[in-house]
Amino acid sequence: QVQLVESGGGLVQPGGSLRLSCVASGIRFSIYDMGWYRQIPGLKRELVATISSGGITNYADSVKGRFTISRDNAKNTAFLQMNSLKSSDTAVYYCNAVRYGAYWGQGTQVTVSS
């Protein structure tokens with residue numbers, strides 16, 4: 001059974017930082033491309049960042065220079081370091097794993113507010 005479990009969300013002030021984690025089980029993590037997506041209620045889920053099995057990264061223009069995606073294959077974990085957070089970053093953040101199938105986590109809420 002495949003599971004992706006996100007953690008690290010919460011409430012943070014504008015300009016602050018958060019680090020999201022996604023722990024995967026039930027898959028051979030190292031061969032999967034991993035991604036972070038976010039969704040505001042009523043809107044489409046949008047891509048935030050991806051990292052390939054080979055470590056190639058890709059970012060949405062809105063987060064370039066502020067967010068960093070990384071992975072630790074030894075720990076079956078993907079990370080999203082979020083700096084200089086803005087109110088517009090408020091959303092539910094989802095972890096995604098893609099190779100032979102596509103899997104999603106349950107999401108973690110990030111709220112940026114003063």
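A residue counts as buried under 20% relative accessible area, as exposed over 50%, and as partly exposed in between, with a 1.4 Å probe and protein chains only. By this definition, W104 is partly exposed, with a relative accessible area of 38%.

The model is predicted: local features need pLDDT of at least 70, side-chain atom pairs count only at pLDDT 80 or more, and totals for chains, interfaces and linings use all residues. Residues are numbered from 1 along each chain as its sequence is written, and side-chain values use heavy atoms, with hydrogens and water left out.

**The sheet**

Strands (E, at least two residues) are DSSP runs, numbered from the N terminus, and two strands pair if DSSP finds at least two bridges between them. Strands of a sheet pair through backbone hydrogen bonds, either parallel or antiparallel. Here, four strands in the order β1-β3-β8-β7 form an open sheet with antiparallel pairing. Because β1 (3–7) and β7 (67–72) stand at its edges with a single partner strand each, one side of each is left without a neighbour in the sheet. Neighbouring strands of this sheet are turned by 15° against each other on average, direction ignored; the axes behind this angle are lines fitted to C-alpha atoms, and angles in general run from 0 to 180 degrees between N-to-C directions. Strand β7 is joined to β8 (residues 77–82) by six bridges, and the two run antiparallel. D72 stands opposite T77 in β8.

**Aromatic pairs**

Rings of Phe, Tyr and Trp (its six-membered ring) pair if their centres lie within 6.5 Å; planes under 30 degrees apart count as stacked, over 60 as edge-to-face and the rest as tilted. The structure holds two such pairs.

| Pair | Centre to centre | Angle between planes | Class |
|---|---|---|---|
| Y32 and Y103 | 6.3 Å | 45° | tilted |
| Y37 and W104 | 5.0 Å | 70° | edge-to-face |

Y32 lies in the loop between β3 (18–25) and β4 (33–39), and Y103 lies in strand β10 (residues 102–104), so their pair ties together parts that are 71 residues apart in sequence. Y32 is buried, at 6% relative accessibility, whereas Y103 is partly exposed at 29%. The other pair links Y37 in strand β4 to W104 in strand β10, 67 residues apart. Y37 counts as buried because its relative accessibility is 19%.

**A charge over rings**

A charge sits over a ring if NZ of Lys or CZ of Arg is within 6 Å of the ring centre and within 35 degrees of the ring normal. The charged end of R45 sits over the ring of Y94, 3.7 Å from its centre. R45 also lies over the face of W104, at 4.6 Å from the ring centre.
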